[in-house]
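Let's walk through this structure together, starting with the whole chain and then moving to a few places where its parts meet. Keep the viewer open as you read.

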Amino acid sequence: MQSYLGSSNRQFGFKKGSGCSTAIYTLRKVVDNFTLNNSTINICSLDLSKAFDNLNHSILFNKLMDRNVPCVIIKLLYCWYSKVFNVVKWGNDISALFKLSSGVRQGGILSPAFFALYVNDVLLKLEKSKLGCHIKLRCFNSLMYADDLLLLSVSVSHLTELIRLCVNEFHAIELDINLNKSGCMRIGDRHKVTIASLQFGDQELHWKSEIKYLGIFILSTRRFCINCQHVKQKFFRSLNGIFGKVGLQTSPTVLCSLIDSYCTPVLLYALESLNWNNKLLNSLENAYSQAYFKIFSTYDKNVIAECHLYMGYLPIPFVLDVRKLNFLTRFMATNKNSVLTSIHDDEYILLCNKYGIPVDGKLTNFKYFVWNHFRNSFRQ
């Protein structure tokens, strides 16, 4: 069924070569494109109420018929979805069977593709509206990952129209937007300007100083920036969990390996899709160094750097550079037709020049060059 289940390029979920980092990177580049040109961008995060559970089967089958899916496949799907039953277990007692008349089975192979198809018309109508953000005639007024939807507009009036269009379109496919859990924010030079809450019927959509999107907390500031405090808290929880289980007397080799496998990914989640300033790097490096402070009982940064070298683990700034080089290489390979490929070339070239890497887009072993650079800088 793969040929029948295509969706908009602004739907990043459930696609090969795409993920949370790709969606966050696209959002960051769109915001930077406008804020660096002295515009203030308005962002709205819309929360769909139990989207996967409220998917209407009849509407889904009609959309499959619109895609000219063979009748035999639709009949098979109808047979499957008409025989979904649940029970409730309470202690040793089990309730009677009850039928599920809506929703897709989360975890199923087809379910993500069906949901992307189900909401795809909303993204298409947002594009046809010609409202919101556009770059080089390409639409970037909406970005979606599964059921997480962001609307982007320089104009507040355009943003209001986009939200109203979403409310109407989602209502048509029997999905509801929870405006109480949704919110708006501004990024740019005029982010502190007070704006009245947006009114939709008897509900208000408030302006916030921070919104959560795909696990990161975006701040309302002059430039695209995230709040790392939540990430550091998760990192320390995972770090303390390891120390609490195995103790500090365990072999440093084992501890460093566990931290690298279970804690470092938590700290560096999606950071390859962002630009880092010195403040952010120092904050992350200080958090990461706390693990080495405890393991090696020292607060001397030169000693910690030597521990990194001989234990075989790169410091955080170098790890981030490796992750970003790998990410940008994948992004260029899988998004050749995207307008963003021409915007991000400067980041890739600067990193390649920094480590003496050939700028041909074919290299994948970036860690070798970064590691040599770290070793040479340490010796100097």
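A residue counts as buried when its relative accessible area is under 20%. By that cut-off, 46% of the 380 residues of the chain are buried. Please keep in mind that this is a predicted model.

Now take in the overall layout. The chain has 12 helices and 14 strands, and its C-alpha atoms fill a box of roughly 65 × 60 × 45 Å along the principal axes.

With the overall picture in place, we can look at how helices pack. Two packed helices are described by the angle between their axes and by the distance between those axes.

Start with helix 6, which covers residues 229–246, and helix 8, which covers residues 278–296. Their axes come within 11 Å and cross at roughly 10 degrees. Angles under 35 degrees count as roughly parallel, so helix 6 and helix 8 are roughly parallel to each other. To find the contact on screen, pick out Lys232, Phe235, Phe236, Leu239, Asn240 and Phe243 in helix 6; they meet Ser283, Ala287, Tyr288, Gln290, Ala291, Lys294 and Ile295 in helix 8. Sorted by class, the residues of this contact are eight nonpolar, three polar and two charged.

Next, turn to helix 9 (residues 301–311) and helix 12 (residues 366–379), whose axes also come within 11 Å but cross at roughly 140 degrees. Are these two helices oblique or roughly antiparallel? Roughly antiparallel would take an angle over 145 degrees, so helix 9 and helix 12 count as oblique to each other. Helix 9 passes helix 12 in a left-handed crossing. On the helix 9 side, the contact involves Asn302, Ala305, Glu306, His308 and Leu309, which meet Trp371, Phe374, Arg375 and Phe378 of helix 12. This contact holds five nonpolar, two polar and two charged residues.

Finally, a look at the cysteines. How many disulfides does the model contain? The count is zero, with a disulfide taken as a pair of cysteine sulfur atoms within 2.5 Å. Is Cys44 buried or exposed? Its relative accessible area is 0%, so Cys44 is buried. Cys352 likewise counts as buried, at 0% relative accessibility.

How values were computed. Residues are numbered from 1 along each chain as its sequence is written. This is a predicted model: local features need pLDDT of at least 70, side-chain atom pairs count only at pLDDT 80 or more; totals for chains, interfaces and linings use all residues. Side-chain values use heavy atoms; hydrogens and water are left out. Buried means under 20% relative accessible area, exposed over 50%, partly exposed in between (1.4 Å probe, protein chains only). Axes are lines fitted to C-alpha atoms, for helices over the stretch in contact, and angles run from 0 to 180 degrees between N-to-C directions. Helices (H or I, at least four residues) and strands (E, at least two) are DSSP runs, numbered from the N terminus. Angles under 35 degrees count as roughly parallel, over 145 as roughly antiparallel, 65 to 115 as roughly perpendicular and the rest as oblique. A crossing is left-handed if the near helix is turned anticlockwise from the far one by less than a right angle, and right-handed if clockwise. Contact means heavy atoms within 4.5 Å. Ala, Val, Leu, Ile, Met, Phe, Trp, Tyr, Cys and Pro count as nonpolar, Asp, Glu, Lys and Arg as charged, and the others, Gly among them, as polar.
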